Amino acid sequence: MKRNDFMDIIKGLSIFCVVIGHAAWEITTQAFAIPVGPFVYMFHLAAFFFCAGYLFKIDDEFQLGNYIVKRLKSLYLPFIKYSFAYVLIRNIFISLNVLEGVPYTLPDYIIVITNLLTFNGVGEFLAPFWFLPVMFWAMILFAVIMSITHGLNKRIQTLLRLMLITLSGCIGLYTTERFFGLLYNIQIAYLMIPIVSLGYIFRKFESYISGYINAITTIIAFMILALVVHSNIGIIELSKFCIINHWVFYPVTIIGIWFCLGIGKGISQIAPLKNLCILAGRKSFQIMACHIACFKLIDLVYLSLFSTAISNLASFPRSFEHLWPLYILSGILFPLGIDWLLTKVYRTAKLRERIYMYVNKIKQK
């Protein structure tokens with residue numbers, strides 16, 4: 001199936017915003033402070049759910065079991081791969097003083113690995129992985145809603161879907177505002193189901209809606225988001241169950257997604273930026289997994305070159321506020337570079353294997 005470049009651009013922008021938010025909550029100059037963290041947090045994760053909804057397809061051949069297997073392959077298996085790799089090298093980070101904590105012993109490994117197998121993350125440098133079980137359950141619940149209503153009378157189908165999706169959103173708002181400790185942070189999954197449905201609806205009416213996504217509406221969306229940030233009414237930080245309040249969460253999130261769509265539409269006209277965003281969107285998992293470790297690498301190099309104090313080296317997720325440009329660049333480019341190198345090594349190995357098999361066949365003849 002051909003990938004959708006525009007959705008890859010939006011996912012690329014979203015993962016850029018994740019890295020930016022972790023690299024610099026606030027960029028301070030002599031004249032003023034720019035609250036980049038609170039700004040991008042209003043939409044960066046929601047945009048991923050919007051894209052997932054956009055890419056969701058259902059027809060008469062749709063099977064829920066097959067869809068669950070597909071989501072397990074795309075979310076659970078990479079979660080396991082990166083988490084196991086991190087657990088294996090975690091004690092090295094502690095020995096380098098870039099991570100606070102106690103080195104794992106055998107009982108710790110047993111506990112952690114058991115948790116990983118049940119889709120519970122280790123946190124620390126993989127703290128962004130809290131998002132993956134939420135995405136999994138949001139998409140499974142959305143798929144359940146769509147599949148049980150598929151094939152019904154069109155009017156009844158629309159009404160039932162609207163009711164179930166609205167109910168999910170209300171449950172999400174209620175449980176998130178009250179800090180319910182649900183397994184896998186599933187309250188955020190409830191909260192995101194309406195956003196997933198908006199992505200699904202957007203695809204159906206994209207040709208009509210796209211005409212309204214332009215420079216003017218994008219600037220208006222930016223101004224509204226900036227006003228929300230500077231009004232100090234609260235922030236959206238889903239990992240901490242912060243949603244400002246139940247009245248403005250969805251309007252602000254939708255405006256943020258509109259802003260992201262507008263920026264993405266502009267970027268799609270600039271080839272170098274388009275290609276970078278597409279690449280980042282397709283490799284967003286790698287960036288999400290590795291960017292905090294890249295921050296700490298920058299901390300370690302900077303400390304070894306310019307400082308002798310190590311008291312703040314283990315600060316999370318970064319140690320030096322003024323290094324935010326390096327954090328952003330490393331958090332994006334290092335994971336892409338590592339992925340490119342590993343892919344090249346893998347392809348070279350496969351090529352050598354094929355040559356070896358071909359030579360053996362010739363020798364046998």
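First, the ground rules. This is a predicted model, where local features need pLDDT of at least 70, side-chain atom pairs count only at pLDDT 80 or more, and totals for chains, interfaces and linings use all residues. Residues are numbered from 1 along each chain as its sequence is written, and side-chain values use heavy atoms, leaving out hydrogens and water.

Let's begin with the cysteines. A disulfide is a pair of cysteine sulfur atoms within 2.5 Å, and a search of the whole structure finds zero of them. Take Cys17: the nearest cysteine sulfur belongs to Cys260 and is 6.0 Å away. Cys17 counts as buried, at 11% relative accessibility, while Cys170 is partly exposed at 44%. Buried means under 20% relative accessible area, exposed over 50%, and partly exposed in between, using a 1.4 Å probe on protein chains only.

Now, back to our pocket. A pocket is an open set of points on a 1 Å grid over the protein atoms alone, where a 1.4 Å probe fits, with protein on both sides within 12 Å along at least five of seven lines; lining residues have an atom within 4 Å of a point. The second largest pocket is lined by 27 residues, with Tyr82 and Cys290 among those nearest its centre. And here's the answer: 21 are nonpolar, one is polar and five are charged. Ala, Val, Leu, Ile, Met, Phe, Trp, Tyr, Cys and Pro count as nonpolar, Asp, Glu, Lys and Arg as charged, and the others, Gly among them, as polar.
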